[in-house]
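Subject: Structure handover and notes

Hello,

Here is the structure I said I would pass on. Please load it before reading the notes under it.

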Amino acid sequence: MDSEDPQERPEGINAIINGLERYNPEAVGNLEDYVRHQCESRYTDSNANRTLLKLYQLNPDRVKEEVITNILVKALTCFPSPQFSLALHLIPPSALTASGRSEELPEAVAKLRLLNDQLQGSQYARFWATLDSDEDYADLTTDVDGFEELVRIRIATLVSHAYREIDLPILEQWLGMDGDAARQFITETAGWAVDDDVVRIPRNPENEAKKSEVREDVNVDMFARIIRRAWEETV
């Protein structure tokens, strides 16, 4: 998953972010439309989204809070990575202060930052508990099509990098689902096998045990120096 420069990026957007148009306030509209397209198409273009946030910095009168929120939510799905933090630090300070346009954006950013911290820290069960604890989270993520599934797929990918088998109840907590829904995701979406209460993950280059070889290059000259030093000390 390349969230920095995805292959789905349209040529027109590519021309904006790689040319002088990235400084043109009139490019804001096209980049905002592109954010909406990303939300509908289940991929993320972090580079283009940061370009839009930089234009917001230069043109605070054009800031749209819902677009900023959507950019942050899209960045959440790229964990573990610095994409959320990079986007967060580009949000115009005036939009995050109490004297800004409203208190909604600062509150939204605080909630999303908590989710990001939990995902980055692999606290998956706590992430789902937080997501279900407040209906505001549903409002914040509603524009991003398949948000929960994108997160689950990312969690499954990371699990497959570290495990060959894992207890089903633990994986259910990490995926935020149980019962038939969990088994369907595990077997159909992830393509893994469930054997009683154990989930078996196929071997891949990431979870395969690798033999570690330690080589030390020792030559005759090194031995000669050691023997000479020992001989000189005895004399």
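Below are the notes, from the whole chain down to single residues.

Ground rules come first. This is a predicted model, where local features need pLDDT of at least 70 and side-chain atom pairs count only at pLDDT 80 or more, while totals for chains, interfaces and linings use all residues. Residues are numbered from 1 along each chain as its sequence is written, and side-chain values use heavy atoms, with hydrogens and water left out.

**Overall**

The protein chain has 13 helices and three strands. These are DSSP runs, numbered from the N terminus: helices are H or I of at least four residues, strands are E of at least two. The radius of gyration is 25 Å, well over the 18 Å that the globule rule gives for 235 residues, so the chain is more spread out than a compact globule. That radius is taken over C-alpha atoms, and the rule is 2.2 Å times the number of residues to the power 0.38. Along the principal axes, the C-alpha atoms fill a box of roughly 85 × 55 × 40 Å.

Of the 235 residues, 40% count as buried. Buried means under 20% relative accessible area, exposed means over 50%, and partly exposed is in between (1.4 Å probe, protein chains only). Contact means heavy atoms within 4.5 Å. Of the contacts with a separation of 6 or more, 65% are between residues 24 or more positions apart.

**The sheet**

The three strands form an open sheet in the order β1-β3-β2, with antiparallel pairing. Its edge strands are β1 (165–167) and β2 (193–195), each pairing on one side only. From one strand to the next, the twist averages 25°. Strands count as paired if DSSP finds at least two bridges between them. β2 and β3 (residues 198–200) have three bridges. V194 stands opposite V199 in β3.

Helix α11 (residues 168–175) lies across β1, β2 and β3, at about 85° to β1. Axes are lines fitted to C-alpha atoms, for helices over the stretch in contact; angles run from 0 to 180 degrees between N-to-C directions.

The loop between β2 and β3 holds D196 and D197. D196 has a positive phi of about 55° although it is not a glycine. D196 is exposed, with a relative accessible area of 64%. D197 is partly exposed at 46%. D197 touches I166, D167, L168, P169 and R183, leaving aside residues up to four places away in sequence.

**Aromatic rings**

Rings of Phe, Tyr and Trp (its six-membered ring) pair if their centres lie within 6.5 Å; planes under 30 degrees apart count as stacked, over 60 as edge-to-face and the rest as tilted. The count comes to five aromatic pairs. Y124 and W174 have ring centres 6.1 Å apart and planes at 75°, so the pair is edge-to-face. Y124 lies in helix α8 (residues 124–133) and W174 in helix α11, so the pair ties together parts 50 residues apart in sequence. Y124 is buried, at 6% relative accessibility. F127 and W128 also form an edge-to-face pair, with centres 4.9 Å apart and planes at 75°. F127 is buried at 0%, and W128 is buried at 5%. Ring pairs link F79, Y124, Y163 and W174 into a cluster.

Two charges sit over rings, by this test: NZ of Lys or CZ of Arg within 6 Å of the ring centre and within 35 degrees of the ring normal. R152 lies over the face of W128, 4.4 Å from the ring centre. K111 has its charged end over the ring of Y137, 5.3 Å from the centre.

**Backbone and packing**

Most residues other than glycine have a negative phi, and most peptide bonds are trans. The bond from F79 to P80 is cis, with omega near -10°. P80 lies in the loop between α4 (65–76) and α5 (83–88). S122 has a positive phi of about 60° and is not a glycine. S122 is in the loop between α7 (104–120) and α8.

L55 is in helix α3 (residues 46–58) and is buried, at 0% relative accessibility. Among its contacts beyond four places in sequence are Y23, P25 and V28.

Best wishes
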